[in-house]
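Q: I have a model open and want to go through a few spots in it. Can you take my questions as they come?

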Amino acid sequence: MKSVILIVGLALVVGATALLAGDAVVPQKSAAVSFRSVVTANGPVLYPYSIAAGDLTHNGIPDLAVVGVEEPALLHGLGKGNGRFDRWSNTGNAGDAPDFVIFADVDLDGNLDAVSADGDEPFVTVAFGDGKGNFNHGVQPHTGRGYDTQEVAVADLNGDGIPDLVGTSLGFAGNPGNIFILLGKGDRKFAKAVNIGSGGHKPNGIAIGDLNHDGIPDLVVANSFSTTGYGNVAVLLGKGDGTFGKPVRYQAGVRPWQVALGDFDGDGNLDLAVVPIGGEDKIYVLLGNGDGTFGKAKAYRSGTYPGSIAVADFNGDGILDLAVANVTGPKPSHISILLGNGNGTFQPPIAFPVGVNPASLITADFNHDGKPDLAALTGSSGITVLLNTTPFPTQPPSHAH
């Protein structure tokens, strides 16, 4: 059986290993959660769209990258270990109008690279990191269709040990959009893009995980529109050769936009959290059955206009929780924490104020205390970091084997 390889910078994202279905978690007693705010008022990009975190210099401290369509550059800053960042630079390429960025080791040299999508052009840009906090201009593989790219994920889709790229293209002028697949050839090269249907219209969010325990990566895509007008989330099971089965659709609110995977009920199967942008104040959770299918979506109140989501164990009880950025503007804006109960359900949201219109929410341990913190883009150029001040249990949660 092939093993699933997700080539992402997870080492500094506390709780991220729980995104892969594995050992059952023995939940500890539920605890409250608390954060304190450290605000970087002036970020490096005007009107930023996306933020990524990862250790670019191998010092154990998360660094940041920020992109925005107003500035065609990859802006990245080095973490100071206290939730703040300095030494911002713009080495590396990010396309003409970058609107999404992640860190991943695409060339398997042990250093994180920056992968960005272009909001105006049908390209993905991969800027290769040198392990010292710098990037080169990299490569720009074409996604195969003449319209913009939305989100990108990195994984070994065909079991050859080489990272591949998969992502979403929004479409325009009546075109529904699609999923593009760029198989890695090694030596920082990619095969010609293959395009497949997303199961809906205007796909945006994408997540990768082994949904049916066959050792092959599967896809979940958020389609913001469909023939019914409400949109859907679609599951495409991987075949192990870089191709996928037909999309199976699930309803999850009005205009699903972001998706995240995690084992929310401790049964070893990946579950799904969905953020819609249809004006709702809810997010949706679909529990996985372990065979690539999901149960009916259940709604949870999350705050007004949710726009981005992150998954981690924020209170140290061994249960995955959800963080949701609520993009209400100008005030009040906040990030809501929905603590998990361990059975796939979640408690009412706990709100933490942040700057105006928080977006592109990410989680990492920014002050190196072993707790997952949060960072979001705020306002016209700001970055807000929420440092986790929750008293964690003195004994780590036990795991059944």
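**A buried aspartate, the core and some rings**

Q: Is Asp118 buried or exposed, and how far away is the nearest side chain of opposite charge?
A: Asp118 is buried and has no salt bridge. The nearest side chain of opposite charge is that of Lys202, 16 Å away. Keep in mind that this is a predicted model.

Q: Where in the fold is Asp118 found?
A: Asp118 is in strand 7, which covers residues 113-118.

Q: Which backbone nitrogens lie by polar atoms of the Asp118 side chain?
A: The backbone nitrogen of Glu121 is 3.1 Å from a polar atom of that side chain. For the backbone nitrogen of Ala97, the distance to a polar atom of the Asp118 side chain is 3.3 Å.

Q: What else does Asp118 touch, not counting residues up to four places away in sequence?
A: Asp118 touches Gly95, Asp96, Ala97, Pro98 and Asp99, along with Phe123, Asp148 and Thr149.

Q: New topic. How many residues are in the largest nonpolar core?
A: That core has 17 residues. Those with the most contacts inside it are Ile51, Leu64, Ile362, Phe366, Ile383 and Val385.

Q: Which elements give two or more residues to this core?
A: Strands 2 (50-54), 3 (63-68), 4 (71-79), 27 (359-364), 28 (373-378) and 29 (382-388) do. Strand 29 supplies the largest share, 3 residues.

Q: And what is Leu64 in contact with, leaving aside neighbours within four places in sequence?
A: Its contacts include Ile51, Phe85, Trp88, Phe103, Ile362, Phe366 and Ile383. Leu75, His76 and Gly77 are also among them.

Q: On to rings. How many aromatic pairs are there?
A: The count comes to 7. In one of them, Phe35 and Phe352 have ring centres 5.2 Å apart and planes at 75°.

Q: Why is that pair edge-to-face?
A: The planes of Phe35 and Phe352 are at 75°, and an angle over 60 degrees counts as edge-to-face.

Q: Where do those two sit in the chain?
A: Phe35 is in strand 1 (residues 35-40) and Phe352 in strand 26 (residues 350-353), so the pair links parts of the chain 317 residues apart. Both Phe35 and Phe352 are buried. Together with Phe314 they form one aromatic cluster.

Q: What about Tyr300 and Phe346?
A: Their ring centres are 5.6 Å apart and the planes are at 85°, so this pair is edge-to-face. Tyr300 lies in strand 22 (residues 298-301), while Phe346 is in the loop between strand 25 (334-338) and strand 26. The pair therefore ties together parts 46 residues apart in sequence.

Q: Are Tyr300 and Phe346 buried or exposed?
A: Both Tyr300 and Phe346 are buried.

Definitions and conventions. Residues are numbered from 1 along each chain as its sequence is written. This is a predicted model: local features need pLDDT of at least 70, side-chain atom pairs count only at pLDDT 80 or more; totals for chains, interfaces and linings use all residues. Side-chain values use heavy atoms; hydrogens and water are left out. Helices (H or I, at least four residues) and strands (E, at least two) are DSSP runs, numbered from the N terminus. Buried means under 20% relative accessible area, exposed over 50%, partly exposed in between (1.4 Å probe, protein chains only). Lys and Arg count as positive and Asp and Glu as negative; His and the chain ends are not counted. A salt bridge is a side-chain nitrogen of Lys or Arg within 4 Å of a carboxyl oxygen of Asp or Glu. A polar contact is a pair of N or O atoms within 3.5 Å; within protein, one must be able to donate a hydrogen and the other to accept it, and residues adjacent in sequence count only if both atoms are side-chain atoms. Contact means heavy atoms within 4.5 Å. A nonpolar core is a set of buried Ala, Val, Leu, Ile, Met, Phe, Trp, Tyr and Cys residues joined through side-chain atoms within 4.5 Å. Rings of Phe, Tyr and Trp (its six-membered ring) pair if their centres lie within 6.5 Å; planes under 30 degrees apart count as stacked, over 60 as edge-to-face and the rest as tilted.
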